[in-house]
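Here is a short note for someone opening this structure for the first time. Please read the points with the model in view.

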Amino acid sequence: MSNTPATAASKSKAAGTSQPQEKRKTLFQKELQHMMYGFGDEQNPLPETVALVEDIVVEYVTDLTHKAQEIGSKRGRLLVDDFLYLIRKDLPKLNRCRELLAMQEELKQARKAFDVDEKELVD
């Protein structure tokens, strides 16, 4: 089969993108392959499947960010609370976000305590 522009365009439409697959920048392919394997897919899923899942993820994150930006623009800045507000009805996502934010705060406090202890040892 020849690789004409029409063929490349039809392949990209099948993958759900407007760009030809050769020119599309991949952002999360390795991570998505590992996640898909963890959720029961083959260890090496089809590249088209990974590309489709990546398109879905990028579109979701982009839409969520635009919505959060609209909410934040009323205040003049974007906050984490804007994202939490948008996912408030999806309890598993909301709980996971809160858990990750709490872990981030714990890590920040631990780093701060470690830096203070290190400075005391040097003096």
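**Notes on helix packing and a few local features**

1. Helices H2 (residues 29-38) and H3 pack with their axes 10 Å apart, at an angle of about 105°. That makes H2 roughly perpendicular to H3 (65 to 115 degrees counts as such). Axes are lines fitted to C-alpha atoms over the stretch in contact, and angles run from 0 to 180 degrees between N-to-C directions. Helices are DSSP runs of H or I, at least four residues, numbered from the N terminus.

2. This is a predicted model: local features need pLDDT of at least 70, side-chain atom pairs need 80 or more, and totals for chains, interfaces and linings use all residues. Residues are numbered from 1 along each chain as its sequence is written, and side-chain values use heavy atoms, without hydrogens or water.

3. From H2, Gln29, Leu32, Gln33 and Met36 meet H3 at Thr49, Val50, Ala51, Val53, Glu54 and Val57. Contact means heavy atoms within 4.5 Å.

4. The 27 residues of H3 should span 39 Å at 1.5 Å a residue; the end C-alpha atoms are 38 Å apart, which agrees. The expected span is 1.5 Å times one less than the number of residues.

5. Buried residues in H3 include Val50, Leu64 and Ala68. Buried means under 20% relative accessible area, with a 1.4 Å probe and protein chains only.

6. Glycine 72 lies in H3 (residues 47-73). Its relative accessibility is 2%, so glycine 72 counts as buried. Beyond neighbours within four places in sequence, glycine 72 is in contact with Arg77 and Asp82.

Definitions and conventions
Helices (H or I, at least four residues) and strands (E, at least two) are DSSP runs, numbered from the N terminus. Buried means under 20% relative accessible area, exposed over 50%, partly exposed in between (1.4 Å probe, protein chains only). Angles under 35 degrees count as roughly parallel, over 145 as roughly antiparallel, 65 to 115 as roughly perpendicular and the rest as oblique.
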